[in-house]
There are 2 protein chains.
Amino acid sequence: MSDTARTILLVDDHAVVREGYRSMLQKQPGLSVIAEASDGVEAYRLYKETGPDLVIMDLSMPGIGGIEAIRRLRQWDKRAKILVFTMHQNAAFAVQAIRAGASGYVTKTSPPETLLHAVIDALAGKIAISPDIDHELALSHLAGERAAADLLTAREFEVLRMLLAERTTDEIAGTLHLSPKTVANLHSMIKDKLGVSSDIELVRLALRQGILTQIDLGEG
Amino acid sequence: MSDTARTILLVDDHAVVREGYRSMLQKQPGLSVIAEASDGVEAYRLYKETGPDLVIMDLSMPGIGGIEAIRRLRQWDKRAKILVFTMHQNAAFAVQAIRAGASGYVTKTSPPETLLHAVIDALAGKIAISPDIDHELALSHLAGERAAADLLTAREFEVLRMLLAERTTDEIAGTLHLSPKTVANLHSMIKDKLGVSSDIELVRLALRQGILTQIDLGEG
DNA sequence: GGCGGTGCCGGGAAAATTTCACGACCGCAC
DNA sequence: GTGCGGTCGTGAAATTTTCCCGGCACCGCC
C-alpha cells in the first residue's frame, strides 16, 4: 500500500476549489488526484471510468445535487467512499449526506489539517464529521427542532415543497387533483406542525433544513 | 514593473479556496500573494499593514460581509483595487459590489483563465465583469425586475427588512411606533410594488436580490 | 402664495384567507 | 371487527388582507 498511491476523484463545480484541493492533497505523500468533475453526472461517469479509492464531493452543484450524486454512486458501488466537503455548516445537510451514504462531512471553513485527517479517516473506513457540525447537530437536538421530513406526512411534505417552489394554492390543487380548500388545510396543518405562524418563518425554516436551497431561487 | 511583482491580498473564509487562488496565481509570473485574510476585519487590518496592489475578495464571510468590507477599504484608500470573486451568480450582488467600489466581479464557476484575465484587467485599472454575470444583468433588465431598494420608499424598505427578519406585524408596529394597521398597509404596498402576491414569493425575491442572505437564516 | 405631486399615517368596509370543528373514507394492525 | 392514523372535503367563524378613503407634511414650480 505504500508503493501504490490512494486515488482520489474531486467533485466541485468551482475550478478554484478543485485547484485548492489538488494543491493541498499533493503535499501529502501517498495520495493522488486522478480525476476532477464539475457536476454530479460527470462525477458518476468518471467514477465508473477510474474507480477511485475516495471521492471528495461538494454538495451544491448544478444539475443533480451532491446528495443525489452520492446516492447514485453508492447504488452503483456499494463500497464507494465519499467524503463531503461543503460550505454548508448545517446539520440537516450533514444528516442527509450521511443517510445517502457519505463517509464523512467536513465544512470548507475547516483548516487544511482537518480535511487531510478526514481524508485519511475516510480511506480507513471511518466516518469523519468535522467538529463544527458535531456542535450543530447537538444544538439542533437541544433546540428540539425536528426535521420537517420526519414530522410531516408524505402528503404534507409534498404540499410543502410545492408551496415553496410553486405558486398559488389553486395551482397546487390542480397539479395534485385536490380541492383548493384541502391544500389550504394542509398548508395550515404544516405550519402548525412545524411551529411557525407565518409563511416567512416557514420559508426560513425550510432553508435552514435544506428543503429549499438557495440555488432553487433563481428561476422564481 | 517587470522586476517588482504586483502584490495581492486574498480574502476568503475558506482555507481551501485561498489555497486554490494561491496555486493558480503563482503560476502567473509577476504576481505575488503577500497576505491572506479570512474575514472582513482581518482584511482591513492586513490591507493597512501590507498595502497590496490588488485585493481578491469573497462576498459571503462571517462578521462583516464582503460588500461592507469593500466599502471600508475604499473609504480608507480611495484607490484600492478590489476584485470580487464569489459563488453568487447573482446580478444584484454584482451591482452592490460595484457600487461599493469593486473593480470587478467574477464567479467561482469561471475557468482559471477568466480569473487571471480579470486580475490583469483590474491591475490595469479596468472593470472586469465575468460573462455569466453580464448575461444575468441583461436578463434581469429584460425581465423588468427592478431592484427592490429603488422601487420602495425608505419606510417601505425598512418594513420589508423587518418582515424578513423579525416576526409579526404587531411587533414591527411596536418597534417602529406605528399602528399595526399601517404596517399591514405597508406590507400590502410592498408586495404590490414588487409584483408578488404571496409572502413566499416575497422571501424568494428578497433572497434573489440579496436583501436577505442565507447567512442571516441561522438564528431564526 | 397657490398648486400639483409624492410620501407617510391610519380608518372603515369589503373581500379573501386562515383557522377550526366535523364527517367520511381507506388501509392496516391487533 | 375494532381502533388508529392518514387523507379528503365542507361549512362557518375568525382573522387578515386588500382596497379606498382623508388628512398631514414636504418639495418644486409657476
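Modeller: Buried means under 20% relative accessible area, exposed over 50% and partly exposed in between, with a 1.4 Å probe and protein chains only. This is a predicted model, in which local features need pLDDT of at least 70 and side-chain atom pairs count only at pLDDT 80 or more, while totals for chains, interfaces and linings use all residues. Residues are numbered from 1 along each chain as its sequence is written, chains are lettered from A and ligands numbered from 1 in the order in which they are written, and side-chain values use heavy atoms, without hydrogens and water.

Biologist: Why does L163(B) count as buried?

Modeller: Its relative accessibility is 4%, and the limit is under 20%; therefore L163(B) counts as buried. L163(B) lies in helix 8 (residues 154-165) of chain B and touches I200(A), I172(B), H187(B) and I190(B), leaving aside residues up to four places away in sequence; contact means heavy atoms within 4.5 Å.

Biologist: What puts the buried residues of helix 2 of chain A on the same side?

Modeller: In helix 2 (residues 40-50) of chain A, the buried residues are G40(A), A43(A), L46(A) and Y47(A). They cover an arc of only 125 degrees around the axis, so they share one side of the helix. On the other side, V41(A) and E49(A) are exposed.

Biologist: What makes helix 9 of chain B roughly perpendicular to helix 10 of chain B?

Modeller: The axes of helix 9 (residues 169-176) and helix 10 (residues 180-194) of chain B come within 8 Å and cross at roughly 110 degrees. Roughly perpendicular covers 65 to 115 degrees, so helix 9 of chain B is roughly perpendicular to helix 10 of chain B.

Conventions
Axes fitted to C-alpha atoms, helices over the stretch in contact; angles between N-to-C directions. Helix = DSSP H or I, 4+ residues; strand = E, 2+ residues; numbered from the N terminus. Parallel < 35°, antiparallel > 145°, perpendicular 65-115°, else oblique. Arc of directions from axis to C-beta.
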